[in-house]
Amino acid sequence: MKVAVTSTGRTMDAQVDPRFGRAACFVVVDTDNMEFEAVENTNVDAGGAGISAAKVVIDTGARAVLTGNCGPNAERTLRAGNITLYTGVTGAVAEAVERFKAGKLTEATGPNVQSHSGMNS
Amino acid sequence: MILAVASGKGGTGKTTVATNLAKVCAAAGRPTQYIDCDVEEPNGHIFLKPQIDGREEVTVEVPQVDAAKCIGCGRCGQICQYSAIVCIGEKVLTFEQLCHSCGGCWLVCPAEAIEREPLRIGEIETGQAGPLGFVSGRLEIGHVRTPSLIRSVRRHIQSDGLAIVDVPPGTSCPVVAAIRGVDFVLLVTEPTPFGLNDLKLAVELVREMGLPFAVAINRDGIGNDQTQAYCKAEGIEIVASIPDDRRIAQAYSTGQMIVDALPEYTERFRDLATRLGAL
């Protein structure tokens, strides 16, 4: 199963980016063999960033998203794509994926921030 | 004639100048309307205390997708530049707050599955303050279609009279919507470093838009003389100075017009109106 982690860098040891819509990039990890690819977030400067970022993630084939904060528009789009969302995730990408595999993350029940929260951070 | 009262910086006295100017012009017998385009925080009514006799709801059109008719082709999502309509597999999501009502989605839909749904963005109040006509827009809380509402407010301008438009502060889209095509822009500033910085931005904007303009200095006597120096160097006319008079602030703080509370200023506003060709 593939999970997409918002990341400040393109590697497994990069820190989880706390922003979803305006994350620097997504590291998409296959939890079966821990192989990964980095996917550019092309929407950082545009309006509707959360929605566009959710589409990018959906297109990667990921089934879950690990991130810090996720706003209502992105959350609704991810939900339409049947992607499970985990918010409040911190640390390195590899650690986040390990915690996910160990069942230590709690599924988000909705957005945890307002729209535009990632614009100034 | 449409005269816009604008400023880069907020709180420089746009509404003070616009309301007093409108009042003296109407009192002088010129058919005049005061048009409050500062729709995110309209406050001209506080000073003019108009009798409101008309209320109009302003709506814009946003897409409403009929899932039964949708064939899941994805074309609406591809054409939308604002992520206001998004296709996830066979599902179509709409985000009406992001929609700019361009109409692209309902044009490209081959299944006629997209209806145009009205979305309320605000309202317009019309009335009279004595001989002065009054029009004011108010944006619905949480909505962002400010320029659309401002354009609706401006449709109430009567072409044969004088309209004094109270413009929102800043230099962004709402300001552009409020001043596009006006006959003259009066830029109100205060002679402080903040005021000057934002005045320069406003001057850049009106020059870019090719609009004739001049500057009025409010609270003259505070700050420094850099604003005068800038205007001189740029060849910009300063058509009025209102002194930093504590009595003006006192009148303002109780919702009074300067020309009512301090009649000695009436002549200044009449002079200003004459210089701008409004009287």
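**The nonpolar core**

The largest nonpolar core has 77 residues, and those touching the most other members are F20(A), V57(A), L78(A), I179(B), V185(B) and L187(B). A nonpolar core here is a set of buried Ala, Val, Leu, Ile, Met, Phe, Trp, Tyr and Cys residues joined through side-chain atoms within 4.5 Å, where buried means under 20% relative accessible area (1.4 Å probe, protein chains only). At least three residues of this core come from each of domain 1 (2-58 + 121-275) and domain 2 (67-112) of chain B; the bounds come from an automatic or database domain assignment. This is a predicted model, in which local features need pLDDT of at least 70, side-chain atom pairs count only at pLDDT 80 or more, and totals for chains, interfaces and linings use all residues. Residues are numbered from 1 along each chain as its sequence is written, chains are lettered from A and ligands numbered from 1 in the order in which they are written, and side-chain values use heavy atoms, with hydrogens and water left out.

Leaving aside neighbours within four places in sequence, V185(B) is in contact (heavy atoms within 4.5 Å) with A4(B), A6(B), I179(B), V206(B), L211(B), P212(B), F213(B) and A214(B). Another core, of 36 residues, lies apart from the largest one and includes L162(B), L186(B), I248(B) and V259(B).

As for the two domains of chain B, their centres, taken over C-alpha atoms, are 40 Å apart. Four residues of domain 1 of chain B are in contact with four residues of domain 2 of chain B.

Conventions: Buried < 20%, exposed > 50% of the residue type's maximum accessible area, 1.4 Å probe, protein only.
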